[in-house]
Amino acid sequence: MIDLFSEQSISWQPLADRMRPQSLDEFVGQAHLLEHGSPLREVLEGQGLHSMVLWGPPGTGKTTLAKLIARKSDANFIAISAVLSGVKDIRSAIERAQQAKAEGRPTVLFVDEVHRFNKAQQDGFLPYVENGTLIFVGATTENPSFELNNALLSRARVYVLKSLDAESIQQLLRFAVINKERGLGKDNVTLTEEAAVQLSRAADGDARRAINLLEIAFDMQKQGGGQEIVLDDAVIAHVISGSDIRRFDKGGEAFYDQISALHKSVRGSDPDAALYWLSRMLDGGCDPLYIARRVVRMASEDIGNADPRALQLTLNAWDVQERLGSPEGELAIAQAVVYLASVAKSNAVYTAFKAAMRDAQESGSMEVPLHLRNAPTRLMKDLGYGEQYRYAHDEEGAFAAGEHYFPEGKAAQRYYFPTERGLEKRISERLAYLRKLSQANKKQTQS
């Protein structure tokens, strides 16, 4: 079993690992979880130990918090990684926990990247969490609601960690520069204010990434010789060039959060916000064809018949992306997104379609009325297929007033309620006119 929490000091240990906070006083960020009197704060102060899941983006302190819990707890502490461990490691950890329980000691089991374990592996922890053999502490970058078993979640408290702000990252960078025991303080290093700002921006909320970039810049300048090492904005700009990519996981929660933000910006008629989220997704490496497909959906769901041109424009943008690729295709998608966000909105068709689908599923297999059936053979004609069908084009105004198109025994339904926006306003007016004609026809027939 690999010991994730080994404290061995090695010369090539990364700066980010050396600078991992050794106490709560050194920990930066997550103030919403660590205020005095909070449950997590009490655990870190050696009280109220309980099972938990630490959920947050990379470099926000999940593993560090687990290490701090390990130091403060008198429990037997076992740490494994779901990336590196298998069933054998899980069994070994449980056996050690059972042995510690027999000796009267509780066990804290820390599982890093716990979302990597499948559902069966996660189930393996349940009986031992339930009977108190071990206290479970999991760390994950993925939404526990989707990645962890409900049974495991019900036995653990979820703490949500946030990305670090620029000020917090700059604080960590300055500490790494001046710290003589674990940081760069033994060398004559100067980190300018402008450089610290650049690094904090490039880190994108990830403390580990910020310190890794700092170490790269330090090593690069140290190789150049000289008694003083100055890390200014020019040095940092060189280090971060080509690596300044925002967080985007192409399939996890961040992916769906961003496409949701794009869709809601379009629906909310904010073309600028829609362009921002589109750019965020493209910048993060999202497949433009995926976005094009989703934009087509937006055209039908949120614009609909208020402006039918929206659907054609999105299809054209998809076609441009497939034919020409980047950057022409991305510009066409951007054009479509701006158009969708700017025009009149209607979800009337979307709502009507869902209502009709629900009705179709609930009403059973009702037969098609004979007068609506085709009669390509003599037998079908003899059986009455197509009899009394009124051909609309032969009627006045090309409309068969009073005709019934639903199954026999099923009253006419109304699913589609056009809005008073865009072209749909005219559609609404026409449908209202046709309904009046049908009502007049029914009254005339009844009389």
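These are my notebook entries on a predicted model of one protein chain.

**Ground rules.** I number residues from 1 along each chain as its sequence is written, and I leave hydrogens and water out, since side-chain values use heavy atoms.

**Entry 1, the whole chain.** I listed 21 helices and seven strands; these are DSSP runs, numbered from the N terminus, with helices being H or I of at least four residues and strands E of at least two. I then looked up the radius of gyration, which is 32 Å, well over the 22 Å from the globule rule for 447 residues, so the chain is more spread out than a compact globule. That radius is taken over C-alpha atoms, and the rule is 2.2 Å times the number of residues to the power 0.38. Along the principal axes, the C-alpha atoms fill a box of roughly 100 × 60 × 45 Å.

Of the contacts with a separation of 6 or more, 72% join residues 24 or more positions apart; a contact means heavy atoms within 4.5 Å.

I have 53 positive and 59 negative side chains, and the centres of the two sets lie 5 Å apart. Lys and Arg count as positive, Asp and Glu as negative, and His and the chain ends are not counted. Each charge is placed at NZ of Lys, CZ of Arg, CG of Asp or CD of Glu.

Most residues other than glycine have a negative phi, and most peptide bonds are trans. I noted a cis bond from Ser326 to Pro327, with omega near 5°. Pro327 sits in the loop between α17 (309-324) and α18 (328-342). Glu113 is not a glycine, yet its phi is positive at about 55°. I place Glu113 in the loop between β3 (107-112) and α6 (119-123), partly exposed at 22% relative accessibility. Ser269, also not a glycine, has a positive phi of about 60°. Its loop runs between α14 (253-267) and α15 (271-283), and Ser269 is partly exposed at 39%.

I found Ser85 in the loop between β2 (76-81) and α5 (87-102). Ser85 is buried, at 15% relative accessibility. Leaving aside residues up to four places away in sequence, Ser85 touches Ile80 and Phe117.

Definitions and conventions:
Predicted model: local features only at pLDDT ≥ 70, side-chain atom pairs only at ≥ 80, totals over all residues. Buried < 20%, exposed > 50% of the residue type's maximum accessible area, 1.4 Å probe, protein only.
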